[in-house]
Amino acid sequence: MIKSDKLIANLEYLDNISNKREKKILAEKILPNVKDGDVIGVGSGTTSLIALQMINEKIQNENISIKVIPTSLEISFMCCSFGIPITNLTSNHPDWIFDGADEVDESLNLIKGRGGAMFKEKLLFHSTDKVFVLVDKSKLVKKLCSNFPIPVEIFPNSVVYVEEQLKNLGAYKQLLRNGKGKDGPTITENGNLIIDAWFDNITENLEKDIKLITGVIESGLFLNYKFDLLLP
């Protein structure tokens, strides 16, 4: 794969990242897992971006080759700028994956999807038994929805119906996520909308109940998933 010297090579991904020092420490912790020939699933977010940058340095220093299954255009573009080949779940099975999270509670349940890529991220979680979740200490909470809502990706024409059903499940506040750099709502890479929903009570069946609503593509609620949690 040829490194890009065009527009995507000049995108500024790594500026103004919060807790950057801790995220670099996290990235260093996964580097020993990177082996020649690996197919690695890469989640979205700033921690993943920093980790991917450090993986690229290892590739150059050790002259190894990997493939990446990206969960977003952001990760795809960064791979392109580095010259790292990208693939997909149709063509390759991931040897392992890594991702960040917006919140992690004391039972290791997660909220993800602030970047809007929770559908592809959850698909990767189900595609391998070797998962690393990298979070700095600011993401640790006693209770989910302490700092961030649960993002719910929905088919655009279902917004009114889904809003009603989420309210019936206990959502006390809902917002249709607005776009940045454009007028109107956020459009996911799958062409859908996102409702950010706040819940006081995260029941053990809530993830499943949200997914069963007609019109819901996926939510950013991850309950009872198996992974290795890495902290700085």
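I call a residue buried when its relative accessible area is under 20%. The model is predicted.

**Entry 1: helix α3.** I looked up which residues of α3 are buried. I found Ile-75, Ser-76, Met-78, Cys-79, Cys-80, Ser-81 and Phe-82. That makes seven of the ten residues in α3 (residues 73-82), so the helix is largely enclosed by the rest of the structure. Next I asked what covers them. The cover includes β1 (39-42), α2 (46-62) and β2 (67-70). I also checked the residue just after α3: Gly-83 has a positive phi of about 85°.

**Entry 2: the sheet.** I traced an open sheet of four strands, ordered β8-β9-β7-β10, with antiparallel pairing. Its edge strands are β8 (171-176) and β10 (216-219), each pairing on one side only. From one strand to the next, the twist averages 25°. I then took the pair β7 (residues 150-154) and β10: antiparallel, over three bridges. Within it, Val-152 has Ser-219 of β10 as its bridge partner. Helix α4 (residues 118-125) packs on this sheet and touches β7, β9 (193-199) and β10. The direction of α4 makes about 65° with that of β10.

**Entry 3: Lys-23.** I placed Lys-23 in helix α1 (residues 20-30). Is Lys-23 buried or exposed? It is buried, and it has no salt bridge. I looked for the nearest side chain of opposite charge and got Asp-136, 4.2 Å away. Leaving aside neighbours within four places in sequence, I listed the contacts of Lys-23: Ile-17, Ser-18, Thr-46, Thr-47, Ile-50 and Asp-136.

Technical notes: Residues numbered from 1 in each chain as written. Predicted model: local features only at pLDDT ≥ 70, side-chain atom pairs only at ≥ 80, totals over all residues. Heavy atoms only, no water. Helix = DSSP H or I, 4+ residues; strand = E, 2+ residues; numbered from the N terminus. Buried < 20%, exposed > 50% of the residue type's maximum accessible area, 1.4 Å probe, protein only. Lys, Arg positive; Asp, Glu negative; His and termini not counted. Salt bridge = Lys/Arg side-chain N within 4 Å of Asp/Glu carboxyl O. Contact = heavy atoms within 4.5 Å. Pairing = 2+ DSSP bridges. Axes fitted to C-alpha atoms, helices over the stretch in contact; angles between N-to-C directions.
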